[in-house]
Every structure is written in C-alpha cells, then in structure tokens.
Amino acid sequence: MRPVFIIGLLLAFASFGFSQAPSQTLKRAEKAVGGAKQFQAIASIQRAGRITRISDGAKGRYVLNTSRPNLLNEDLDLNGFEVERGFNGRSAWERNSRDGLQTLTGSASLSLQAKGAFLNSLWLNHKADKSKIAAGKASVNGRDTNVVILTTAQNISTKLFFDAASGLLVRTETLDESIDLDDYRDVGPVKLPHIYRIKRGDAVYEVKLDGIKLNPTIARSEFDFPSISGQPLPDLTQLLADVQANEDKVEALLDTYSFTQKSTRRALGKDGVLRDTESDTYQLSFYKGYRIRRLIEKNGQPLNKNDQEDADKDAAKQVAEIEKEIAKSEKKAANGPPSEDGKSVSIAEVLRASKLTNPRRERFRDRDVIVFDFEPNPNFDYKNAKSMLKFFGKTAGVIWVDEKDKQVARVEAYLEDSFNIGGGVLAKLKKGATFTLEQSRVNDEIWLPSQADINLSVRVLMLKGIDVNQVIRSYEYHKFATEVKDAAVKDVIKP
C-alpha cells in the first residue's frame, strides 16, 4: 500500500473525528461543575431572573424551583401571560392564562419528570437509575462538543452537549425543547449557568438569572397543583364506592364484547434509539368476567394453517378450564367464605388502600373527569391484605375517573420500591417500573382498553435481570352475544 494513500486515509479519519467514550465525557463534566460529592450535597435549588421572548421582546419574571429527588416547578410571566408547570413526584401538570390547568400525560409527563430528575441530580445517578448512555459529536454555536444521549428507564432521551474544551454542559435537547446554557459562575462549591436560551416549538426565549440559592427551604406544596377551580369536588370516598359498584355492571357488559389486541415488544439499541423487535396479535373476548385470548398473528403475519389449528385446539382446552375454575369457585362459596388470596383486585380496592391527594376537575378526551394522585397509605394493613394489594402497596401515580360513567379512563403508575415475588427467590421487580393504561369509551356504555405501556426490569430465579418494554394497543371493538362453545382462547386471566 502506498505511503501517500495511508497518510490520506489517516487524515480522513482525523477529520471525521472519534466520539469520546460517554463515560469519560460525563466524568470530565462532573469535575467541571465542581464534583459529584459537592453537587449531591444540594437538596434544593431556587433560580430567579428575567425572561425575554426574542420574537417580540416581551419581558417578564422567571422562577425555577427544584427539590430532590425529581420535584420541579417552573413559573414565567410574559407581559401578564403566565405559564407554570411542575412535577410533584406523582404527576406532571401545566397551566397557562389561555388554556387553564391540565394534567400532562404520556411523553409530555415523562419528559417533565425526567427534566426534574436531571435538574436535581444531573447525570450523576444514571447508573443507579438504569439509564443508558450513547456517544456522539456535534458543533454548538461554533464550538466542538462531545454529545451524550442519556435515555432513562422510561425511554425518555435527552441529548447532552458538553464543550470539548471546558467539559461544561452547553446544550440540552429533548422532544419538546432545546436549551443553550451559558455564563457559568461559581455558586457555593459548584458552577451553574446563569443564561438559558430556550426553544420550545417556534418560540425562542432568553433567561438571565439574577440569583441562584442553594438548599433553600421550599415547601412541598410549591410543586403541587395550583388550587384555582371554584367548582366543588365530589366526595372521593363516595366516588370510589360508585366505581366499585359499577364494576359488576361492567363485568356483565364485557361478556358481550370482543376486540383485537396487538402486543409489541421493543428494545433500546446502543445508539439510544428504541425499536420494535417482535409482536403478537390476539382476538379477545370475555366469558363470565374471564378474558379469552386467541392468537391470530405473529410479527404482523397471520398464523399458518397448522399453527392456527394448534391455537384452536388449545383454545378448547382453555374454555374447559374456565368452566372448572367457575365450578371450583362456586363450590368454595357454598362451603363457606372463599379465600381472599388469589382473587382479582379492583381499581377501587387499590385506591381505597392508597392515600389520595390533589383532586381536581379536568377535561380528558372531551369528557369531564376527576383526576387525583395516589400513593401508598402508611396506615393501611398491607401485610394481611390480598397478594395483589401488596404489590399495589408499593405503587404511586395518577388516575383519571370519568365523572358520569364512574369508570376509569386512564392510570399512570410507577413502582416506588422493589417488589419481591416468592420472597425474592422467584422474581424481583425493580424500583422505577412504570405502567400506563388508557381506555376508550365504546358505544356510550363501557370503557375498554385502548393502549397500555409497560416498562420494567425484573430478575427471575436469581438470574441476570431482564428489561421489558412493551406497548399494547387494542382496537376493532365489536359487540355480540357469546356462547362458550364458540369461544377460543390462548390464555385465561381474570381481569
């Protein structure tokens, strides 16, 4: 090989540049801001200053409060138009002078939660939080930067741009905003930026901070929903009783419905991109409250003749198992009170065993709903409760209840603490698992599942942990009269 060609090849690689390992970039940035120990000693930060909208020069005040582990409240006022948003540890919310107050859902909620966690701990806890990192390079305002893509366990990605010379963070990018950071100054033992250039949609703002306070006393109520509605709220105890009473009616209606459900598994690549890996599609129906599931497709392709025949044979066996289970339950009931352990747990039971906070009225999918946060109730006897209630005794989140139908429209929950199955020998669900369920109103009488997102990490039988990321979509709802002999099932699960 000619020496000239070799030199040219080396120059080409040099001009292209190699990404610094993400762990090295984060370690260098850690030193640049003052060190992990110094930053982690900060429990809360209060930032205050002035904000300007670049397009028209509108000015106003800006306040950003954060408190560990992930609490956030951002409040700005531009010529009398106020925008405030926050995460209170259970749910994310936003209000403005035009649209009023609303609970955020989906990626908007998770993004604000991730922002709260990042502002409180930067990237310092990414290993403990099971976040993934990937590397890249880019130019920001004429400066060379090392890029780290930080993806949380909930699959929310943030691009972090670190100045190649100083190691300081100079830009963050998420799905809904981009922020340039400048004018770093010493604040106690750490360095923090005093100028933000924020881009949200088509709007660009500049924030100049007048001061930053470390470890101020910030009341927890500062992060809760603002109390702005004058409408009286229903009694939550009565609302839950109505939801519970309505479940018998809902169970009877379920027997007359079928729908299609597609379950898609996803995996996060080394580049920080979430991709679909495989899927199963089922036909679902119900019999006496039991779910009947029949596999019809794998990875978007119909089953071949032999596989479908096997599925149908298995279906017939499962129908018989349903009848046996029903007969067994009826026999137990005739001989005395049945055991509570192993029974299905209704959402009303879960909420009665929880501490409910921040009730509010909102509109959701053009319906009037009551929304409230829930968390484990320290005074509830979870030790002697049903098995499933013990699991829900470690969950917290937010729930939407349709006020007229007395049915649940949406639930967002996460695991506050690890949950052991079989004393931790069989399996262990790790802290931070998230579960989202949304339902759609069908035929003006029932709410049926429309989408579910599951993201969790589990260790099974003392083996290596398994990450599960799954989205389940339900559609093509049909109402019909069911006969057991016509049913075909894959799995039988009490809803």
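A salt bridge is taken here as a side-chain nitrogen of Lys or Arg within 4 Å of a carboxyl oxygen of Asp or Glu. Glutamate 362 forms such a bridge with arginine 360, their closest N and O atoms being 3.6 Å apart. The model is predicted, so local features need pLDDT of at least 70 and side-chain atom pairs count only at pLDDT 80 or more, while totals for chains, interfaces and linings use all residues. Residues are numbered from 1 along each chain as its sequence is written, and side-chain values use heavy atoms, with hydrogens and water left out.

Glutamate 362 is buried, with a relative accessible area of 8%, and arginine 360 counts as buried at 6% (buried means under 20% relative accessible area, exposed over 50%, and partly exposed in between, with a 1.4 Å probe and protein chains only).

The whole structure holds 39 salt bridges, and a network of them links Arg61, Asp75, Glu82, Glu84 and Arg95. Arginine 265, partly exposed at 22% relative accessibility, meets glutamate 278 in a salt bridge of 3.2 Å, N to O. Because arginine 265 lies in strand β14 (residues 257-268) and glutamate 278 in strand β15 (residues 274-287), this pair ties together parts that are 13 residues apart in sequence; strands are DSSP runs of E with at least two residues, numbered from the N terminus. Arginine 265 also bridges to aspartate 280 at 3.0 Å, N to O. Aspartate 280 lies in strand β15 and arginine 265 in strand β14, so that pair ties together parts 15 residues apart in sequence. Aspartate 280 is buried at 9%, whereas glutamate 278 is partly exposed at 38%.

Technical notes. Helices (H or I, at least four residues) and strands (E, at least two) are DSSP runs, numbered from the N terminus.
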